[in-house]
Amino acid sequence: MSKINLLSSKIYNRIAAGEVIERPASVVKELVENSIDAKSNYIEIEIFNGGLSSIIITDNGTGIEKDQLKKALLPHATSKISALNDLDAIATLGFRGEALPSIASVSKITIKSKPLNQQFGAEIHAEGDDISSPIDCAVQDGTQIIVDNLFFNAPVRAKFLKSEKGEEGEITSLITKFILGNPNISFKYLVDGKVVLQSFGDGLESAFLSVYGLSILNECFYVETEKNGISVKGYIGKPNYYKANRTHQTVFLNGRNVTNNTINSAISNAYAPFLMKRQYPFYVLNLSLPVDAVDVNVHPNKTDVRFINNQIVYGTLYSVFSKILSENRDAVSLESFEIQKNTNKENHQEKPTENKVGYDTHIDNSLFEKLVFESPIKESDTSDVFEENKRFLQELEKSKLTEKTDKIIDKEENVLTEIEVEKELIFVGQALNTYLIYQSGTDLYFADQHALHERILFDKIIESFENKNIVSQPFLTPYVFNVNTLEFNFLQNNVDILQDMGIEICTFGDNSFKVSALPIFLADFNVKKFFDGILADIGTLKSINAKDILRDKFAQKACKSAIKSGDKLSKEEIDELTKVLKNNLALKCPHGRPVVIKITKTDIDKWFKRII
Ligand code: ADP
Ligand code: MG
């Protein structure tokens with residue numbers, strides 16, 4: 001048997017570094033967080049060669065006393081918590097005391113610091129694990145940390161890195177999050193000597209502009225509201241604005257950038273009626289909850305959090321967002337239609353084009369009655385937050401908790417003040433046997449008659465499906481198929497869902513299923529393909545989500561039955577379409593194309609150069 005050795009601190013730090021410091025961006029993250037914790041309002045980040053040759057972070061925070069410098073580099077040395085109780089209400093970003101020693105163990109690090117009340121500053125060097133004694137030096141108030149030759153002694157780690165450009169990209173995206181999440185801190189970010197991003201610490205709008213620019217700001221609602229003790233502040237994409245992936249979903253919880261499933265599903269579900277498959281909402285949100293309602297001490301990289309009460313968080317966000325979106329739907333404007341086309345080519349570094357901020361949709365309702373944030377259970381076990389969140393979301397899907405939670409929370413009505421007054425929609429005419437033209441106030445609306453009708457039919461199909469108004473048509477000969485044990489259990493657990501879909505299915509012996517009828521609207525349905533598809537995804541499916549699976553089918557059906565472009569419509573048909581359109585200018589066709597496009601008088605005036 002081999003002997004058990006106690007690891008030297010040298011080896012221990014190197015192992016710990018592997019967990020905390022994965023790449024240059026991890027160094028930047030830890031150091032900037034330290035600067036924020038030190039109450040800095042100016043933080044400068046400069047990197048060279050993707051951060052591999054050098055990372056320099058300079059702040060104007062509280063600084064570190066000369067006699068504390070050495071301590072800061074020792075493992076588990078932190079000034080942020082001292083007693084176990086402190087762990088229950090963590091308000092700072094760092095608290096484990098492992099960042100500086102971990103960075104020091106894989107780089108050459110210099111710390112220069114001067115607390116405000118000191119006449120001189122001091123500096124200290126560490127290389128690998130050798131720490132020098134601090135000496136006096138000339139330096140501004142605050143702290144400067146220089147990290148050179150990252151991973152010089154960890155060749156294996158270095159192998160897993162991306163290219164310098166790739167690492168630089170990671171850092172840049174991190175800095176954008178810092179800017180958005182700390183709008184009152186001024187950041188300056190330089191790459192190889194050039195300023196790449198700069199914010200001015202004068203509020204959220206300004207921070208948003210320095211990252212995304214004016215055109216995207218105009219595609220967003222500003223939200224500021226408080227409900228159930230949760231304060232929500234930030235920018236959310238209008239119902240018609242979307243991104244091609246999730247990278248533009250930024251959430252800060254009590255100042256900490258988090259990725260949390262409860263939050264993301266609440267928001268995604270609120271957007272679901274507006275967006276189609278592979279369209280993702282855009283948002284930058286600052287959420288605040290009482291610190292004792294969140295547990296942050298759950299993940300080494302601290303990107304997920306655990307809520308004492310998931311249901312309140314989900315329900316609150318879902319209802320707030322649903323309300324904003326449903327009360328502020330409008331057609332795609334000509335301008336945003338263009339922007340959407342361009343920005344979906346992933347150009348998020350777009351710079352502001354003018355200084356004046358022209359957006360007008362401000363939703364403010366901070367006058368909420370503040371409810372006490374209930375915390376019925378406070379478990380001390382922090383290990384299975386992910387399991388717990390997953391379980392919660394599964395239950396949610398199963399029991400349609402969405403609706404229930406929504407109702408509970410909607411007890412207090414008037415979540416948001418209504419801002420859009422219903423305008424009258426006047427039918428102007430049909431053009432090219434394809435487009436219906438309407439006037440409302442000083443706006444013109446062009447509706448695509450096929451897309452509009454298609455969408456109406458699609459909604460009808462979904463509705464009858466949800467109300468279980470489905471007629472099944474039996475097969476002449478039933479379809480029987482074999483499955484393995486895993487597949488058998490999965491299908492058996494989902495038999496109810498399939499039957500609700502109008503699919504008559506039952507077990508047939510120990511390893512087969514028999515399908516004897518299909519919903520009538522799926523007459524041209526390939527049963528084999530359908531089940532092959534479900535079983536192929538078995539590893540990733542929690543349960544069968546019938547609506548999702550059938551969505552494409554429904555869309556096809558709606559498309560086939562809808563009036564076509566080129567059809568001349570009767571007055572009755574037009575009236576019918578107009579009726580639906582009145583409340584639904586934000587509609588999209590089931591394939592995600594817009595149904596209505598808005599052209600404002602200003603747009604037209606610009607064409608004729610009446611205004612510039
Ligand atoms: P933690 O942030 O978890 O406390 P670190 O290893 O990141 O651990 O930092 C150790 C300590 O060094 C901090 O608790 C803080 O007292 C001090 N420190 C680090 N960076 C700064 C800074 N930029 N300004 C002031 N103090 C700092
Ligand atoms: Mg820290």
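Analyst: Let's start with pairing: two strands pair if DSSP finds at least two bridges between them. Strands here are DSSP runs of E with at least two residues, helices are runs of H or I with at least four, and both are numbered from the N terminus. This is a predicted model, so local features need pLDDT of at least 70 and side-chain atom pairs count only at pLDDT 80 or more, while totals for chains, interfaces and linings use all residues. Residues are numbered from 1 along each chain as its sequence is written, chains are lettered from A and ligands numbered from 1 in the order in which they are written, and side-chain values use heavy atoms, without hydrogens and water.

User: OK, what pLDDT does the protein average?

Analyst: pLDDT is the predictor's confidence in each residue, from 0 to 100. The protein averages 77, and 72% of the residues score at least 70. Over residues 344-385 the pLDDT is below 50, yet that stretch has 99 contacts (heavy atoms within 4.5 Å) beyond near neighbours in sequence. Residues 400-421 are also below 50, with 47 such contacts in the model.

User: Back to pairing. In which sense do strand 3 and strand 7 pair?

Analyst: Strand 3 and strand 7 pair in the antiparallel sense, over seven bridges. One pair to look for is isoleucine 109, which stands opposite valine 147 in strand 7. Strand 2 (residues 54-59) is another antiparallel partner of strand 7, over six bridges. There, isoleucine 56 has isoleucine 146 as its bridge partner in strand 7.

User: How many residues of strand 7 are buried?

Analyst: Buried means under 20% relative accessible area, exposed over 50%, and partly exposed in between, with a 1.4 Å probe and protein chains only. In strand 7 (residues 142-148), six of the seven residues are buried, so the strand is largely enclosed by the rest of the structure.

User: And which side chain does threonine 110 make a polar contact with?

Analyst: A polar contact is a pair of N or O atoms within 3.5 Å; within protein, one must be able to donate a hydrogen and the other to accept it, and residues adjacent in sequence count only if both atoms are side-chain atoms. Threonine 110 sits in strand 3 (residues 108-114) and is buried at 11% relative accessible area. Its side chain makes a polar contact of 3.1 Å with the side chain of histidine 125. Beyond four places in sequence, the contacts of threonine 110 include Gln144, Ile145 and Ile146.

User: How about helices: which residues of helix 19 are buried?

Analyst: Ile574, Leu577, Thr578 and Leu581. They cover an arc (taken from the directions from the helix axis to the C-beta atoms) of only 105 degrees, which puts them on the same side of helix 19. The face turned away from that side carries the exposed Glu572 and Lys579. Among the elements covering the buried residues are strand 20 (435-440), helix 14 (449-466) and strand 25 (596-600).
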